[in-house]
Amino acid sequence: MNSRRDFLRYASAAALATGATPSLLTWAFPQEQSVDVPGEDGMLLRSFRFVDIETPVEYFNTWLTPVPHFFVRNHMYEPVQLDANEWRLSIGGEVEKPITLSLADLSKLETHSVVNTLECAGNGRSLHRPQVPGIQWGKGAVSTARFSGPRMRDVLHRAAVKPSGKHVMFRGLDEVPGKVPPFIRSIPIEKALDSDTLIATHMNGQPLTKHHGFPARALAPGWIGAASCKWLTEIKLLDAEFAGNFMSPAYRWPNQPVKPGDAVKPEDTHPLTALSVKSVIAGPTDGASVSSGKIIVHGAAWAGEADITKVEISTDNGATWTPAKLGHDQSRYAWRLWTYDWKTTKPGDYTLQSRATDSKGRTQPSTPEWNPSGYLYNAIDQVKIHVA
Amino acid sequence: MSHRMSLDMSSFERARLKAAPQIAFMDCHPDRSFAFPKGMRSGVEGPAVRTHARKNLATTVAAIVLIALSAASPFRAHAQKPAGASLTADLPAGSMQAKATTSCLECHEARIILQQRLSKAAWTKEVDKMTKWGALVDPADRDALIDYLSANFSPDKPPYEPPRTSGGSSSRK
């Protein structure tokens, strides 16, 4: 009987054949060298099994992130076997007409495109103090792409949602090890019926790659990445929020501010939905040494379902702030690139900071809002550089 | 390469227990279906894998000795390769290394542990959570496992530096 074990054996052999070296190099040379991960170039490998890959901030220099530079967050094993012809999406639960759709069925529905900045709720987790468990993302578990596919509401309308269908549960094909709870979450029906919520089959004009949920994924724009289930295979309408680990205790936010390090009871929390306001400096990078004169400080800023209204830069450790210039490219759920032309003639060490404000009046805080799982880090960003 | 040839890679790889790289290197075919070796299929096989892992514990220890010897050998210089570090990492040396490898790396690779910087209280919660989720931890080993993780991955350790990916010469996009 063929099994994961056989597969693993094959995978190991394949890894060797493709140039990956055995683990003894890690022992001999603690400083790891690059790791061959086809389709992912220059990315930060947080974990290979499960695949968790971060975008370095210096790649935040294009409005749309090329797919090989788009961060990858998996909670489980990617599906071993995926066949576009065999793939089906079922819609059931609190509906009048349960249906099952093929990829061909989806392709017959009107296609809608949304440029969305997708950010993992845990982006920036490594910056929280005290540190909390989880993938220790730096600043790059965020990227932007044009997602395309049928609107989720068009699919839900075909199934005729009953009035009792208040929450929409997504299940993907990722494979669960041991007794780990499956990665299943739900979003409220209002968000699922929003005209921009998709069953995305394409990313930047190309079919989704495996890392990004081929052949179809949910896309809840402006919301934490966990709301956009990959390898989508089942949609189930529920009369209440899905009850499971990834709805509670995971992916929840304290109802009241928490003293760093304190525990929070699950009943004192609510599910995370839309992203916070945030900006990140893409260049110069932290620790860089640059020549005096004109220095272009640049980066990206986003605010989930809100719009970025301004990004301000400080080059004097926060004493004074000057507006940056926002880039031309914009779309409701997408980040704005920004630049700031800084002229300095005085050599020395500098702290550069960026601070975004959005259309809801939210501004990045100077200190992060600590929470037990390290979600939604959005403190004012800063890099330290040397001007020679 | 030279020292690699001196090892029985087949048994070495089998002994790694967690040598289970996801098939990231197998990407879509142009027709968007995926390529798999003939007969391979999806499936969860936790208990069988565990049996397999236990059977190979002795082999693991042997492999670890071989690795240690290899790292210290005069051939070490030849081991260096400009690109292509291991797909998955290893846990640090210590009396609990082998048991931690069996308990933790069955389901995920070592980097997920290497990057954590947690207090003993937090490690205790993690170990108990993972045990609930299927990690095989002998109750007699629980405290030693927590000590091992707390000692190696405490908040005062320097931050973990993740490796970069290279596109991979075998990339099929």
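Me: What makes up the secondary structure of chain B, and how are its elements identified?
Reply: Chain B comes to nine helices and one strand. Each element is a DSSP run, numbered from the N terminus: helices are H or I over at least four residues, and strands are E over at least two. From the N terminus on, the order is α-α-α-α-α-α-α-α-α-β. This is a predicted model, in which local features need pLDDT of at least 70 and side-chain atom pairs count only at pLDDT 80 or more, while totals for chains, interfaces and linings use all residues. Residues are numbered from 1 along each chain as its sequence is written, and chains are lettered from A and ligands numbered from 1 in the order in which they are written.

Me: What is the mean pLDDT of chain B?
Reply: The mean is 64, and 48% of the residues of chain B reach 70 or more. The pLDDT is the predictor's confidence in each residue, from 0 to 100. Over residues 1-83 of chain B it is below 50.

Me: Why are β9 and β10 of chain A called paired?
Reply: Two strands pair if DSSP finds at least two bridges between them. Five bridges join β9 (residues 167-172) to β10 in chain A, so the two antiparallel strands are paired. M169(A) stands opposite S186(A) in β10(A).

Conventions: Contact = placed C-beta atoms within 7 Å.
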